[in-house]
Amino acid sequence: MAKRRRPEGWRVFFGLDLPVHLRNRLAVEALALRLPRRVAPEDLHLTLVFLGEVPPDRLQALHEAAEALSMPGFALRIEGLGLFGRSAPNALWAGLAPEPALEALQAKLETALRRAGATPEKRRFVPHITLGRFPPQPPEEAARLERAVVAGSGTGSDLFEVRDFILFRSHLGGDPPHYEELARYPLRTRPPLTTL
Ligand code: 2AM
């Protein structure tokens, strides 16, 4: 029998959570889209930097690097839908309206984590909230999902404030995976308009 590889560390990533009303709304959308497998509403999130398995004794340095960042808060808006997996899609996601402050936070965090010894993948950052992850879909289902994405291109949410980011641990044991919040890092508050 093949031996199962022992995990070398904790599977961790940095990301943003979402207001409950938006998670619920996305969950309803995912239901309406009849996705082959949906992400549970409480697990919906936006990944900033995926680190994979990190030995617990190396986590402290990454935590300190994240703590030392001083970045401003910002507002985001969910906008449109997208698919990963070219001809055989394996994930459907909600996109975000472009926001330079989000890109800046992601880039600064990734650089700080690399300096602290992490080796995140060099994937281009595509801000997204995965609504469903599933086995690669056959052509008919792929075509249905593509039509749903085109139909959903005009949909979006109101702006919502992002005041912090989070270090998550991903527990793969269960199905679906469960994400545990390990630490939360505040972003700088924006001055109210009246004091400008
Ligand atoms: P996804 O939503 O596009 O699947 C936890 O797995 C989070 O890290 C998910 O949001 C996942 O993105 C993201 N992630 C990024 N790169 C990953 C990788 N190589 N393996 C697993 N998850 C990854």
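**Arg37**

I started with Arg37, which I found in the loop between helix 1 and strand 2. This is a predicted model, so everything I note here is read off a prediction.

Next I listed what Arg37 touches, skipping residues up to four places away in sequence: Leu131, Gly132, Arg133, Phe134 and Asp175. I also checked one C-alpha distance, from Arg37 to Leu145. Those two are 108 residues apart along the chain, and their C-alpha atoms are separated by 13 Å.

**Val39**

I then went to Val39, in the loop between helix 1 (20-32) and strand 2 (46-54). Val39 counts as buried, because its relative accessibility is 12%, and the cut-off for buried is under 20%.

Looking back along the chain, I took the C-alpha distance from Val39 to Ala27. It is 7.9 Å, for a pair 12 residues apart in sequence.

**Arg34**

Arg34 is in the loop between helix 1 and strand 2 as well. I looked at its backbone and found a positive phi of about 50°, although Arg34 is not a glycine. I flagged that, because most residues other than glycine have a negative phi. Arg34 is exposed, with 56% relative accessible area, so it clears the 50% cut-off.

**Arg144**

Which residues does Arg144 touch, leaving out those up to four places away in sequence? The list is Leu33, Arg34 and Leu35. Arg144 itself is placed in helix 4. I marked Arg144 as buried, because its relative accessible area is 16%. For the side chain, I noted a polar atom of Arg144 lying 2.9 Å from the backbone oxygen of Leu33.

**Gln137**

Gln137 sits in the loop between strand 6 and helix 4 (139-151). Gln137 is buried too, as its relative accessible area is 13%. Where does its side chain reach? It goes to the backbone oxygen of Pro135, at 2.6 Å. Leaving aside neighbours within four places in sequence, I found Gln137 in contact with Pro36, Ala88, Pro89, Ala142 and Leu145.

**The ligand**

I turned to the ligand and wrote down what surrounds it: Arg11, Phe13, His45, Thr47, Phe50, Phe84, Glu121, Arg123, His128, Thr130 and Arg133.

Strand 6 gives the largest share, 3 residues.

I then went through the polar pairs. An N or O atom in the side chain of His45 is 2.7 Å from an oxygen atom of the ligand. For Thr47, a polar side-chain atom lies 2.6 Å from a ligand oxygen. For Arg133, the corresponding distance between a polar side-chain atom and an oxygen atom of the ligand is 2.8 Å. How much of the ligand's accessible area does the protein cover? I noted 79% of the 460 Å² that the ligand has on its own. The space the ligand takes is the largest pocket.

**Thr47**

I finished on Thr47, which lies in strand 2. I put Thr47 down as partly exposed, because its relative accessible area is 25%.

Besides the ligand oxygen at 2.6 Å, Thr47 has a polar contact of 3.3 Å that joins its side chain to that of His45. Not counting residues up to four places away in sequence, Thr47 touches Phe13, Phe14, Gly15, Phe125 and His128. Phe13 and His128 are also in the ligand's surroundings.

My last entry was a C-alpha distance from Thr47 to Val162. They are 115 residues apart along the chain and separated by 13 Å.

Technical notes. Residues numbered from 1 in each chain as written. Predicted model: local features only at pLDDT ≥ 70, side-chain atom pairs only at ≥ 80, totals over all residues. Heavy atoms only, no water. Helix = DSSP H or I, 4+ residues; strand = E, 2+ residues; numbered from the N terminus. Buried < 20%, exposed > 50% of the residue type's maximum accessible area, 1.4 Å probe, protein only. Near = heavy atom within 4 Å. Polar contact = N/O pair within 3.5 Å; in protein donor to acceptor, adjacent residues only side chain to side chain. Areas by Shrake-Rupley, 256 points an atom, 1.4 Å probe, with all protein chains shown as cover. 1 Å grid on protein atoms, 1.4 Å probe; cavity = no way out; pocket = protein on both sides within 12 Å on 5 of 7 lines; lining within 4 Å. Sits in = over half its atoms within 2 Å of the grid points. Contact = heavy atoms within 4.5 Å.
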